[in-house]
Amino acid sequence: AACKGNRCMNNQRLVMLLLLVAYIFSPSLFNWIINPEGAWYRPYLVWVAVIVIAFVMQIRRKNYHEFD
């Protein structure tokens, strides 16, 4: 099975928490990104953060499944 024990529930709680945080902070983050007086690379920082988080989550998931 894809989920064993509370592992699936913990992932769902994490996703719900991340969605809530994104919903709360999205207006401030969006204004920070599109601020014309800001640095040109601000939008790229957000995408780099998304890629790094996805990479780390994938590595952790792969390592967890190696011990099954």
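Y41 is partly exposed, with a relative accessible area of 40% (partly exposed lies between buried, under 20%, and exposed, over 50%, using a 1.4 Å probe and protein chains only). The model is predicted, so local features need pLDDT of at least 70 and side-chain atom pairs count only at pLDDT 80 or more, while totals for chains, interfaces and linings use all residues. Residues are numbered from 1 along each chain as its sequence is written, and side-chain values use heavy atoms, leaving out hydrogens and water.

**Aromatic rings**

- Two aromatic pairs turn up in a search of the whole structure (rings of Phe, Tyr and Trp, the last by its six-membered ring, pair if their centres lie within 6.5 Å; planes under 30 degrees apart are stacked, over 60 edge-to-face, the rest tilted).
- W40 and Y41 make an edge-to-face pair, at 5.5 Å centre to centre and 90° between the planes.
- W40 and Y44 are also edge-to-face, because their ring centres are 6.1 Å apart and their planes stand at 65°.
- Ring pairs join W40, Y41 and Y44 into a cluster.
- W40 is exposed, with a relative accessible area of 67%.
- Y44 is exposed too.

**Nonpolar surface patch**

- L17, L20, V21, Y23, I24 and F25 form a nonpolar patch on the surface (members have over 30% relative accessible area and no salt bridge; nonpolar side chains are joined within 5 Å).
- Together these residues have about 660 Å² of accessible area (Shrake-Rupley method, 1.4 Å probe).
- L20, one of the patch residues, is partly exposed at 48% relative accessible area.
- L20 lies in helix 1, residues 7-34 (a helix is a DSSP run of H or I, at least four residues, numbered from the N terminus).

Methods: Patches are made of residues with over 30% relative accessible area and no salt bridge: like charges are joined within 9 Å, nonpolar side chains (Val, Leu, Ile, Met, Phe, Trp, Tyr) within 5 Å. A salt bridge is a side-chain nitrogen of Lys or Arg within 4 Å of a carboxyl oxygen of Asp or Glu. Helices (H or I, at least four residues) and strands (E, at least two) are DSSP runs, numbered from the N terminus.
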